[in-house]
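Please open the model in your viewer and keep the selection panel at hand.

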Amino acid sequence: MENGADRNARYGMVIDLDRCTGCGACAVACAVENNVPPARLQATDRTGLTWMRVYRADNGKAFPDNRTAFIPISCQHCGHHPPCVAVCPQNAVDVDPETGVVSQIPERCLGCRYCMVACPFHARYFNWFDPTWPKGMEAALNPDVSVRMRGVVEKCNLCHSRWQAAKAKAAAAGRRVIDPADYVPACVEACPEKAIAFGDLADPASDVTGLARSADAFRLLEELGTEPKMCFRSKREWVRRLGDTDVARPESEGSRG
Amino acid sequence: MKTNLTRRDILRFAGGAAAGVMLSPAPWRLTDDLAIWTQNWSWIPVPPRGEPSVRMTACSLCPAGCAVKARCIGALPVSLHAVAVDTVSGGALCPLGLTGHHLPYHPSRLSAPARIVHKDGTRRTLPVQIDGLLAEVARAIAMAAASGQAVAALDMRPGRSVSWVWRRFLASRPGGVVVPAPGRAGASLTTVKAMVPEQTGAFGLDFEGARAVLSFGAPLADGWGTPGRAARLLGRGSGKVHLVQVEPVRSATTERADRWLPARPGTEALLALGLGHVLLAEGLVGAQAAGRARDLAEYAALVSALSPEAAAAATGVPAEAITATARELARGGPALVIAGEDAGGGRLGRVAETAVWGLGLLLGGGTRPGGLVPRAELPEPGQDGPLAPLRELHELADRSVAVLFLDTSAGDAAFPWALVERKLVARGALVVALSPFLAGTAVRADLVVPTAPFLEGVQELPTPFDAPAATFAVATPLLQPRAGAVDPIAFIRAVGGASGAKWVGPWGTSEDVVKARAARIHRGGRGRLVAFADGAVTRTAEVSSPDAFWTVLQAGACWQDERLAAVQEKEFSLLGGVGGALADRAANANTATRADARWPLTLVPRGLRDVTASAAVSPVLTKLYRESGLRRSPAAALVNPETARALALRAGGNAVLETANGAVRLTVATDAGVMPGVVEVSVGPDASALGDREAAGAAGVLDICGGGEGETWGGSAARLAED
Amino acid sequence: MRHRALLMVGVGAGATLLCGWFAFPYAVFRRIEQPIQFSHKLHTGEKVGRACDECHTLTADGRFSGIPTVEKCASCHAEPQGATPDEKRLVDEYVKPGREIPWLVYARQPENVYFAHAPHLKLAGLACESCHGRHGASDHLRPFEENRLSSYSRDIWGRSLTGPRRTQCEGMTMADCSRCHQQHGVKESCLMCHK
């Protein structure tokens with residue numbers, strides 16, 4: 001048995017909020033990788049599908065001392081009693097033992113949206129409509145990820161299709177343990193600032209383990225005790241305090257096109 | 001026994017049948033099968049199946065030309081990825097590049113030539129045959145020649161081989177002129193070229209050699225220049241640079257800057273002159289630079305009145321910030337000063353640009369590394385011959401152009417159409433657009449010719465404006481071209497043929513002419529090829545033939561020229577011919593802040609290059625505009641909360657934004673990062689760019705901008721009132 | 001009276017049992033012939049001598065080629081090699097125009113299922129026959145029995161319509177995969193097999 005073959009991984013991220021410029025490449029790369037359909041004309045920020053969504057927060061000061069931070073939020077992959085797992089009547093959500101990913105399987109979902117209520121991070125999205133792409137654009141869909149139909153909830157799965165591919169690649173070489181370089185989620189790969197560090201939090205040799213324990217690191221809504229595996233870090237005190245509150249002040253309706 | 005059936009019999013039969021059915025597999029299998037059937041509706045898209053492969057190409061959606069690795073399934077690209085070894089992109093793609101493979105399927109894509117008819121405020125699209133279109137164009141050109149009116153081409157992506165062919169073609173038309181898109185990134189470099197008249201070739205920007213960067217409005221962190229260079233400059237990795245950003249509204253660049261100077265819109269010249277004052281007053285100007293400045297004495301006289309306090313009063317930037325900035329620039333190592341353009345807001349204007357570039361030259365920016373560097377230009381595709389002149393849009397006489405070609409085949413640009421409209425003759429002007437999409441600037445045309453979009457036709461990536469040395473790459477097509485797409489060169493040739501002119505060269509298609517240019521680059525023997533797939537470097541001199549050179553380029557590679565020596569011996573003019581205008585501004589500095597009671601706000605239109613560089617963007621970009629509040633939509637007017645209170649505006653309420661040029665309905669949003677007295681409106685993408693074909697041509701903020709000097713349109717006086 | 005009652009119940013039960021056990025399987029599956037008849041036995045036999053993995057390859061990055069593309073056929077069949085009418089159709093209708101053969105894949109799983117051959121072949125050391133039966137030794141392609149409702153093959157559901165599997169390679173439903181995994185102590189999770 002290879003070293004580590006029996007050890008379960010806990011994949012997580014550390015996002016450096018001082019580097020994030022709010023470009024949105026992560027959100028777009030996620031949509032391309034996971035076949036997330038474009039919004040219809042009447043969609044708003046509450047009815048859209050944004051597995052990775054970048055929120056904007058500011059320090060509340062007046063001009064010109066006003067400063068922004070951008071916070072990319074996807075499923076936080078809670079490590080301890082994820083609220084969505086507890087409430088799902090269909091067992092469509094489970095914590096994957098091998099990777100720690102909170103897996104949302106749309107095929108089992110019946111669309112009750114109880115998990116959306118339960119998720120404190122609003123990281124779950126409902127397919128209000130059947131997905132439509134402009135005619136012909138289906139030829140540009142990713143065959144490694146299934147296309148969901150309406151009536152099911154979907155969310156970030158840490159690009160598990162890439163993990164599956166990494167496992168297959170390792171298996172073809174006779175190995176049971178994947179090469180970390182083969183498993184890079186789309187958002188991590190796309191970030192121009194390399195602000196997202198991804199890795200196995202259970203591996204002491206991984207970058208993320210050290211980053212997650214640094215003094216600047218924080219997690220969202222830690223007091224809820226769900227032990228999210230997504231961490232953030234910032235040297236700015238006001239950004240770190242955002243983890244305890246609503247991330248962004250509510251935008252007024254209609255200020256989007 | 002009785003043989004006629006009774007009801008009881010039927011009931012017994014049914015009971016037996018029910019029991020039998022339960023004991024047979026039928027209902028259980030039917031339930032399973034129905035469950036599967038109801039989850040596999042025919043209208044749910046099924047991803048393609050096929051052999052996976054990787055192909056290299058370059059992204060031509062903006063002039064930067066980042067390398068792209070396309071993951072293909074059965075030869076159809078399903079995702080685009082950055083190339084780690086690419087020096088242009090620095091290993092990252094922007095949202096436009098990440099979704100470029102969606103563009104060939106965009107709903108606004110044109111499949112046949114069309115005529116656009118504007119009538120009673122509505123817009124209709126009618127099909128038209130290409131032969132009829134060519135005949136009409138030829139007639140219009142002939143009539144223009146007869147009445148002494150001009151034929152012009154508006155080139156949205158100047159510098160390509162196709163751009164050169166436009167100039168060759170229009171050289172034979174009387175009044176033929178080629179106009180590069182107004183407000184394009186790098187346009188301000190024409191100003192500094194005029195200030196260093198002995199400089200041959202072009203100027204590039206040496207980011208890598210600079211230790212301090214002062215940017216007047218150039219959104220370095222928002223896609224200006226070559227995004228990868230900016231990312232490296234702004235601290236990802238090695239080389240921390242001291243960045244000072246001058247902008248009236250908070251942006252990603254001001255967030256990353258070490259110092260933000262929020263100057264009132266329109267006062268950039270005064271700020272630059274004020275910084276110049278500090279440099280001269282504190283003796284921070286190097287002897288070399290001082291020696292090369294022809295008009296130093298006049299400059300000194302001009303800035304003498306602009307003490308930090310006076311500049312502070314005029315611009316709104318605190319005096320101590322001005323002094324500190326000047327000192328940081330002079331003492332912090334090589335300083336690069338940039339007069340930027342905003343992708344939606346356009347240029348600062350020649351006067352302000354002169355003051356800004358002058359500041360940089362004064363800091364030694366043209367005489368040592370870390371500033372402006374000379375670079376050789378790419379050779380043109382063919383032999384020298386007559387070329388139609390290149391003119392900026394504002395240099396054309398009003399009402400002089402009878403036939404206008406809009407070449408948006410390689411990309412689009414954002415600018416107020418009114419600037420073009422006034423150059424067209426009052427009656428009978430014909431505007432012909434070459435565009436893959438019925439969106440963006442092409443919607444303004446009378447006739448539209450469909451061209452191949454990104455990934456379907458060969459596109460060329462000539463040197464981006466900011467590069468320190470010439471570069472050349474080719475965006476290899478990955479998809480079969482669709483029927484109906486017209487090649488721009490074939491079109492120009494057909495127009496020439498229809499109007500009876502001799503064709504200017506041997507090329508029939510864009511690929512021919514780009515290949516010809518590549519062959520001339522190869523013949524020059526300089527520089528090297530860097531392959532995208534593995535970063536392998538081959539010196540041009542080692543490539544045996546032009547065909548081999550072309551093969552390497554097509555497989556995904558970038559040709560990079562050698563850098564020229566950076567030390568310059570050239571003299572320069574600090575006042576660049578606009579000394580009078582600068583003196584006027586300096587003299588009226590204390591009245592610069594007077595606000596007009598009728599127009600209390602200043603309108604600052606802003607754009608991100610990743611969405612203004614293409615008429616159509618992938619509908620997936622709704623993730624950033626519609627499904628989240630990350631990027632401001634063009635339907636929102638952003639004002640400071642103080643301003644909103646003063647004008648009795650409610651966040652989320654409807655309002656009318658009015659300037660002297662018109663009015664447009666928007667929703668109010670408040671943002672404390674916007675300077676009080678300023679209203680910021682995003683220029684794109686509009687609904688048609690995001691896929692709503694019906695919305696093409698709807699009024700946007702650019703329709704009410706204008707009236708600035710030359711071809712600037714930012715900073716219009718405006719008012720915002722509740723609707 | 002009682003006889004009559006029993007008779008009616010019996011007739012009812014009998015009718016539906018017959019329908020359910022015999023007519024229903026016949027009706028719910030539609031038999032479709034493969035576009036071209038292909039003999040594995042011929043191609044792996046002495047005359048041609050191809051090994052299995054020459055056409056059904058596992059690449060280094062873990063992808064399994066599945067049924068090869070027509071390019072693979074074209075490498076030998078650019079011109080007809082024999083005299084069968086099927087081969088002539090192969091060359092004329094598919095190889096020459098470069099059209100992919102629309103094989104009906106017996107093992108086709110729904111879109112949301114992810115199956116990787118690599119761990120099964122390399123780590124578990126399974127032979128092809130364990131799941132695909134003696135398909136590799138067949139001399140003709142049997143008709144594809146398509147479920148009219150769900151469009152999946154009878155090979156997925158299992159030849160018999162009742163639960164118990166008679167052979168190991170019968171059925172490729174989730175329950176079948178799961179049973180084998182449990183027997184071999186493989187950790188199970190949704191994400192392992194669903195995409």
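Select domain 2 and domain 5 of chain B in this predicted model; their C-alpha centres are 30 Å apart. The domain assignment places domain 2 at residues 52-105 and domain 5 at residues 595-722. Across the boundary, eight residues of domain 2 of chain B are in contact with eleven residues of domain 5 of chain B. On the domain 2 side, the touching residues comprise six nonpolar and two polar ones, with no charged residue.

Next, select B:V177, which lies in strand β7 of chain B, residues 177-180. Is this residue buried or exposed? B:V177 counts as buried because it has 22 C-beta neighbours inside 10 Å, the cut-off being 20 or more. Now display its contacts beyond four places in sequence: B:A150, B:A152, B:L170, B:A388, B:P389, B:R391 and B:L396.

Move on to the largest nonpolar core, which has 314 residues. The members touching the most others are A:A25, A:C26, B:L93, B:A637 and B:V679. Centre the view on A:C26: apart from neighbours within four places in sequence, A:C26 is in contact with A:M52, A:V54, A:P72, A:C187, A:A190, A:C191 and A:I196. Finally, select A:W133, A:A140, A:V147 and B:V78, which are among the eight residues of a second, separate core.

Note on methods: Residues numbered from 1 in each chain as written. Chains lettered and ligands numbered in written order. Predicted model: local features only at pLDDT ≥ 70, side-chain atom pairs only at ≥ 80, totals over all residues. Core = buried A, V, L, I, M, F, W, Y, C linked by C-beta atoms within 7 Å. Buried ≥ 20, exposed ≤ 12 C-beta atoms within 10 Å, placed from the backbone. Contact = placed C-beta atoms within 7 Å. Domains from an automatic or database assignment. Nonpolar A, V, L, I, M, F, W, Y, C, P; charged D, E, K, R; others polar. Helix = DSSP H or I, 4+ residues; strand = E, 2+ residues; numbered from the N terminus.
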